[in-house]
Amino acid sequence: MSELRDPNMARINTPELAKAFIDEQVKAIREQVGDKKVLLALSGGVDSSVCAALLIKAIGNNLVCVHVNHGLLRKGEPEQVIRVFKEELGANLIYVDAVDRFLDALAGVDEPERKRKIIGKIFIDVFAEEAKKLDGISFLGQGTIYPDILESHGIKAHHNVGGLPPELNFELVEPVKFLYKDEVRVVGEALGLPHNMVYRQPFPGPGLGVRCVGAITRDRLEAVRESDAILREEFAKEGLEGKVWQYFTIIPDFKSTGIKDNKRTYDWPVVIRAVNSIDATSASIEPLDYKFLARVTDRILNEVKGVNRVLYDISPKPVATIEWE
């Protein structure tokens, strides 16, 4: 099959077109896979989730999903993956708690690229270990989408497990590889996935590892997770969910003085980042209302341990990047 999308292919932007695409892909998957088994790394991101839901519809329990919790996911995400796929969709799901393995390997590592490589390598190692425990796997499912093919020849960082050992040389199944992100979302909703999963914000492969700037510590990582959850909750209350492209918190690896309960503190700052973009090559700043920022600040300072300042990053891309690492 050609690696280029048919120029005559209609944009999938309605439930009817999504249903037709699903029916077509279910047939194609069954023809390719037959009665054999498919293995999929299920991160909980949009692409892998829609890919998994399509494969479940096509081959049921012959899809084996592996969800690796590396400790760098946002609050509630591992639980959502288990609830949606195992409990609601009846997926054949293997959950791997590898938090200690990842965080122990990352301890003391402050160079961003080295952090990314460690996360990527351990992910492949853990996934390969789980794959070797299974019998009868012939195919590897991947949530590759069309921009991945155009921009990087199909290599998808931290979701692609093409670095598996030679003995695990599976044939690829990529049912959404000719779709753009907006089309993947339409298909996901047609498959019955939760709206907040399908319209999940862009999230880096290394997860919160790049938002816990510098060497990751467990207490600072937890502060990033909790402050991020507060920010997302307040965005939803304010009616901004889905209207701002990406918003999150960062905690850099330095401290400043403060005061709480009439005592001096020496704690971290939390940085709020909220940007709008189309393709992440450039980004503008979302002008958040001051009263909204004050409310978020009050909650973070009162609910998150180890922080004593909240800052708002108003740097566009370029010159700044969207993430800090």
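Predicted model: local features only at pLDDT ≥ 70, side-chain atom pairs only at ≥ 80, totals over all residues.
Good morning. The accessible surface of this chain comes to about 15800 Å², and 52% of that surface belongs to carbon and sulfur atoms. Such areas come from the Shrake-Rupley method with a 1.4 Å probe, and for residues only the protein chains shown count as cover.

Residues are numbered from 1 along each chain as its sequence is written, and side-chain values use heavy atoms, with hydrogens and water left out.

Let us begin with the chain as a whole. Of its 325 residues, 52% count as buried; buried means under 20% relative accessible area, exposed means over 50%, and partly exposed lies in between, with a 1.4 Å probe and protein chains only. The C-alpha atoms fill a box of roughly 70 × 40 × 35 Å along the principal axes. For 325 residues, a compact globule would have a radius of gyration near 20 Å, and the chain agrees with this at 21 Å. That radius is taken over C-alpha atoms, and the globule rule is 2.2 Å times the number of residues to the power 0.38.

The chain contains ten helices and ten strands. These are DSSP runs numbered from the N terminus, with helices being H or I of at least four residues and strands being E of at least two. Contact here means heavy atoms within 4.5 Å. Among contacts between residues at least 6 apart in sequence, 76% join residues at least 24 apart.

I turn now to one pair of helices. Two packed helices are described by the angle between their axes and the distance between the axes. At what angle do the axes of α1 and α7 cross? The axes of α1, residues 15-33, and α7, residues 181-190, cross at roughly 80° and come within 9 Å. The two helices are therefore roughly perpendicular to each other. On the side of α1 the contact is made by A18, F21 and I22, and on the side of α7 by V186, V187 and A190. These residues divide into six nonpolar, no polar and no charged. Axes are lines fitted to C-alpha atoms, for helices over the stretch in contact, and angles run from 0 to 180 degrees between N-to-C directions. Angles under 35 degrees count as roughly parallel, over 145 as roughly antiparallel, 65 to 115 as roughly perpendicular, and the rest as oblique. Ala, Val, Leu, Ile, Met, Phe, Trp, Tyr, Cys and Pro count as nonpolar, Asp, Glu, Lys and Arg as charged, and the others, Gly among them, as polar.

Helix α1 also holds Q25, which is buried at a relative accessible area of 15%. Leaving aside residues up to four places away in sequence, Q25 touches L54 and P175. In α7, the buried residues are E183, V184, R185, V186, V187 and G188, and they pack against α1, α2 (46-59) and α8 (195-198). After α7 comes G192, with a positive phi near 90°.

Finally, some remarks on the backbone. D261 is not a glycine, yet its phi is positive, about 55°. D261 lies in the loop between β7 (256-260) and β8 (263-276) and counts as exposed at 63% relative accessibility. N262, in that loop between β7 and β8, has a positive phi near 65° and is exposed at 75%.

Where does P318 lie? P318 is in the segment after β10 (307-312). A cis peptide bond joins K317 and P318, with omega about -15°, and the bond from P318 to V319 is cis, with omega near 20°.
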